[in-house]
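Please read the points below beside the model.

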Amino acid sequence: MSAPTTRPEEGPPTAGPPPGTRIKPVIFACMLAIFLAMLDSQVVATALPRIVGDLGGLELFAWVTTAYIITSSVTTPVYGKLGDLFGRKTVFLVAVAVFILGSLLSGAAQSMEQLIAFRVVQGLGAGGLFVSVLAIIGELFSPREGAKYYGMFGMVFAGAAVAGPAVGGVLTDLLSWHWVFLVNLPLGLLVLGMLAAFLHLPPKTRQAKIDYAGFLTLSGAIVALTLVASWGGGKYDWASPQILGLGAVAVVLGALFVAAERRAAEPVIPLHLFRDSTFSVSVLVSAAAGVVFLGAVVFLALYVQVATGATPTMSGLVLLPMMAGLVAASVVSTKLITKSGRYKWYPVASMATGIVGALLFSTMDTGTPRAVVVGYMLVFGVAAGLNMQVLTMAAQNTAPRDDIGAVHATVAFSRQLGSTLGISVFAAIFYNRLTEELTARVPAGGLNGVSADSLASHEVLDRLADTTRQAVEQAYAAALSPVFLATVPVLAVGLVCALLMKDLPLRTWGGGEGGHGEGEGSHGHGHDQPAEQHS
């Protein structure tokens, strides 16, 4: 990976936002969209044990999250490229509308299979939320000024992360788990209305040439690879014809995707971006972060609710310190980067701190005091927050402006793909170990008449004999330990990659520190005032 010999075009400075665009309402709507997407993932993580207890299907537990992430991963680069071709606003509004529809259907699900299918619909919309917001900011502001707004989104992201587990627990306890999906509806409708009214971007002049071959081969490769990670060593042996066949399909489709991208006029993921070492490293570290940090909350919620006997509401409160650490690290690091224009050592610190947190998690059992668990979660949250916005800023900093959507989409895609593979592999490790632990620990006849699928339910655990319940709790704790140990080598690879990142200063447009040049409304209210006059 070698850096290009010439810097990408900086783009001419502009005289404020496009006519008719009101920056403050647009930023608010974008922040609300980020809150919407993040809140969804957090409240669902807390409610999953109750969902399994209600609908059954413990063996399908991971698919409630995996199905959502697969579809959002597949569509993320698609939304990024469609935004480059057809405009951010239209693509963003479509994504929000599909997400709202998926949330409504998920809230009405009556079986685990229905819920997984509806989460696919929700994921089809979610793939466009983050990437559209990031691309809109990348289009309106320079990397240096954009860092300020990324910091604002980091605060919203973290705020949703803090509120999410507690909100999920309260909704699940007071109403039902259905409401963790239905809560998205009013927020989504508000986002739709504000963006329709206040966001007006210049029309795209590039000829739209959709890369159908790239879309199809990439989607197929992702699905095949995820199925390999989900089923390998669990449902099927690693050497089984099913797993080997899926692996072969993933490799062939991956090769066809690369070939298609080399020929495409408007590739989904422009391969020339990988000639820049900063972009390539950002993608690799983002994938490592996705494997570890995005999947952690799912398994931590299981530990807190089953291994320690906490209610959904209590588990949400126990998870708060991790989210608080994420908040603090994300906000502070973004402010420091905005001030200094330097970013390299934040992802390095993220990976190193994550290794410490994962090793601490691997030592937890049913006897670990909650205060100690809280401390471990704080460490892990700080690790997650240190790379939250940095990698996107680093990748955008060296990319051509015409590829902003593809750049943001590829970094987000790598994180989501890592999360998909991580959750699938960790779930396989967990379920295999859990079966062994339950067999070894639970007294004979202790679970007669009780489905293993329902053991994640607090109500079911309360009905078990004390010795049986303690055995189940210990089995869950023992099954989760290897999951956290498995994250360590992934973080180690991420650390090595982060150390290879170049520490280039964040660029500006028009020579000043503002996104559009000094003296043209690039600071304070300068952006908003000209736009208000167009409204």
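1. A residue is called buried when its relative accessible area is under 20%, exposed when over 50%, and partly exposed in between (1.4 Å probe, protein chains only). Helices (H or I, at least four residues) and strands (E, at least two) are DSSP runs numbered from the N terminus. On these terms helix α15, residues 390–397, is mostly covered, since 8 of its 8 residues are buried; among them are Val390, Met393 and Gln396.

2. The model is predicted, with local features requiring pLDDT of at least 70 and side-chain atom pairs counting only at pLDDT 80 or more, while totals for chains, interfaces and linings use all residues. Residues are numbered from 1 along each chain as its sequence is written, and side-chain values use heavy atoms, with hydrogens and water left out.

3. The secondary structure of the protein comes to 19 helices and 0 strands, and 59% of its 535 residues count as buried. Taking contact as heavy atoms within 4.5 Å, residues 24 or more positions apart account for 85% of the contacts with a separation of 6 or more.

4. A nonpolar core is here a set of buried Ala, Val, Leu, Ile, Met, Phe, Trp, Tyr and Cys residues joined through side-chain atoms within 4.5 Å. The largest such core has 74 residues, of which Phe293, Leu300, Tyr303, Phe361, Met364, Met377 and Phe430 touch the most other members. Elements giving two or more residues to this core include α11 (277–307), α15 and α18 (466–499), and the largest share, 17 residues, comes from α11. Beyond its neighbours within four places in sequence, Phe430 is in contact with Phe299, Leu302, Tyr476, Ala479, Leu480 and Val483. Another core, of 72 residues, lies apart from this one and has Leu32, Leu39, Leu227 and Phe257 among its members.

5. With a salt bridge defined as a side-chain nitrogen of Lys or Arg within 4 Å of a carboxyl oxygen of Asp or Glu, the count comes to 3. Arg433, Glu437 and Arg441 are linked in a network, in which the N to O distance is 2.9 Å for Arg433 and Glu437 and 2.6 Å for Glu437 and Arg441. Glu437 is buried because its relative accessible area is 11%, whereas Arg433 counts as partly exposed at 29%, as does Arg441 at 36%. Glu473 also forms a salt bridge with Arg469, their closest N and O atoms being 2.9 Å apart; because these two residues are 4 residues apart in helix α18, about one helical turn separates them.

6. Which residues does Arg119 touch, not counting those up to four places away in sequence? They are Asp40, Val44, Val64, Thr65, Tyr68, Thr71, Ser106 and Phe181. Arg119 lies in helix α4, residues 112–126, and its relative accessibility of 2% is why Arg119 counts as buried.

7. Leu174, placed in helix α6 (residues 143–174), counts as exposed because its relative accessibility is 68%.
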